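Subject: A structure for you to explore

Hello,

I am passing on a structure that I have been reading through, and I would like you to have it open while you read. My notes follow below it.

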Amino acid sequence: MSTQTETARTELKDQLAAELLEATGTLVPVAPLRDRLQDMTVQDAYEIQTAQLEQHVAAGRVLAGRKVGLTSLAMQRQLGVDSPDFGFFFEDMVHHDEARIPASQFIQPKVEPELGFVLKEPLQGPGVTLEQAAAAIGAIYPAIEIIDSRIRDWDIKLVDTIADNASCGAIAVSAHALWLDSADPTGLLDVTCSLVIDGEVTGTGTGADVMEHPLAPLAWLANVLGEQGVALEAGQLILPGSFTVAMPVVANSTATADFGPLGSLTIHFTD
């Protein structure tokens with residue numbers, strides 16, 4: 001392949017962003033991006049992601065929060081990467097307890113059990129510590145992220161999933177907060193969550209499995225976005241990453257994020 005000029009690279013990144021936007025609507029996946037943009041970097045991938053975010057916002061969609069992905073060793077092994085990533089989601093992507101969600105809204109959905117942090121005050125880096133991240137949390141909820149890939153057959157490397165909005169499909173968050181205190185770091189480390197699909201436990205993890213501490217992804221995200229002049233705002237929902245590997249779901253599947261006596265969240269997938 002010949003070396004791409006900066007102008008050609010910019011045009012190609014715009015084209016790839018447009019293709020992913022189209023795939024979001026048509027549910028027809030696209031070929032892996034890493035094979036099409038020469039020497040594709042993480043920065044390239046985030047530029048493609050941001051171009052989509054700007055298009056969605058221009059169309060009137062309202063940002064509800066952010067997700068951090070690939071924060072557990074299990075998920076990094078599953079996708080063959082060694083670093084986290086982040087994406088965004090809008091209010092029209094958020095579901096709640098016992099939601100009935102058409103599986104046909106997605107291309108190849110999987111689910112992940114997570115915590116959901118609702119911020120009570122803005123959080124902006126650089127320099128955000130775990131203590132500052134904890135202090136910004138107003139409440140903690142059971143959550144499930146429905147991940148989906150606009151890249152064909154989940155054939156992704158880190159740059160592919162970043163460009164594809166960190167493979168975010170939708171979010172479910174309970175209306176009932178967990179009995180957890182963000183100011184108690186030990187409690188967050190020791191919290192246990194199981195992913196239950198159709199009554200079967202498919203995986204279990206602890207808070208320590210989420211980037212060694214569930215607050216670490218929140219601080220990391222605030223610092224990465226802060227370098228771009230972007231703040232996490234009060235009222236936003238932040239998902240710090242999965243306790244377990246992601247598991248596929250189909251129509252008539254039921255998924256539960258089970259935090260034991262602390263609480264749970266169940267959603268249902270329909271035709």
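Let me start with a term: a residue is called buried when its relative accessible area is under 20%, exposed when that value is over 50%, and partly exposed in between, using a 1.4 Å probe and protein chains only. Strands (E, at least two residues) and helices (H or I, at least four) are DSSP runs, numbered from the N terminus. With that in hand, look at strand β8: five of its six residues are buried, so the rest of the structure largely encloses β8.

Some background before we go on. This is a predicted model, in which local features need pLDDT of at least 70 and side-chain atom pairs count only at pLDDT 80 or more, while totals for chains, interfaces and linings use all residues. Residues are numbered from 1 along each chain as its sequence is written, and side-chain values use heavy atoms, with hydrogens and water left out.

**The sheet around β8**

Which strands make up the open sheet, and in what order? There are five, arranged as β4-β13-β12-β8-β9 with mixed pairing; two strands pair if DSSP finds at least two bridges between them. The edges are taken by β4 (100-102) and β9 (200-206), and each has a single partner strand, so one side of each has no neighbour in the sheet. On average, neighbouring strands of this sheet are turned by 20 degrees against each other, direction ignored. For that angle, axes are lines fitted to C-alpha atoms (for helices over the stretch in contact), and angles run from 0 to 180 degrees between N-to-C directions.

Strand β8 covers residues 192-197 and pairs with β9 in the antiparallel sense over six bridges. Together β8 and β9 form a hairpin with two residues between them, and Asp198 in the turn has a positive phi of about 50 degrees. β8 also runs antiparallel to β12, joined to it by four bridges. Here you can look for Leu195, whose bridge partner in β12 is Ala257.

Between β12 (254-258) and β13 (264-270) there is a loop that holds Leu262. Leu262 is partly exposed, at 22% relative accessible area. Setting aside neighbours within four places in sequence, Leu262 is in contact (heavy atoms within 4.5 Å) with Ala177, Leu178, Trp179, Leu180 and Val191.

Side chains of opposite charge can pair when their charged atoms come close. A salt bridge is a side-chain nitrogen of Lys or Arg within 4 Å of a carboxyl oxygen of Asp or Glu, and the structure holds nine of them. In one of them, the side chains of Arg9 and Asp44 meet at 2.6 Å, N to O. Arg9 sits in helix α1 (residues 6-26) and Asp44 in helix α2 (residues 42-58), so this pair ties together parts that are 35 residues apart in sequence. Arg9 and Asp44 are both buried.

Asp44 also forms a salt bridge with Lys13, where the closest N and O atoms are 3.1 Å apart. Lys13 lies in helix α1 and Asp44 in helix α2, so parts 31 residues apart in sequence are tied together here. Lys13 meets Glu47 in a salt bridge too, at 2.6 Å, N to O. That pair links helix α2 to helix α1 across 34 residues. Is Lys13 buried or exposed? Lys13 is buried, with a relative accessible area of 10%, whereas Glu47 is partly exposed at 35%. Through shared partners, salt bridges join Arg9, Lys13, Asp44 and Glu47 into one network.

**A buried arginine in a loop**

Finally, find Arg150 in the loop between β6 (137-147) and α5 (158-163). Arg150 counts as buried, at 7% relative accessibility. Its side chain makes a polar contact of 2.7 Å with that of Asp164, and reaches the backbone oxygen of Cys168 at 2.9 Å. A polar contact is a pair of N or O atoms within 3.5 Å; within protein, one must be able to donate a hydrogen and the other to accept it, and residues adjacent in sequence count only if both atoms are side-chain atoms. Beyond residues up to four places away in sequence, Arg150 touches several others, among them Leu20, Pro29, Ile107 and Gly169.

Enjoy exploring!
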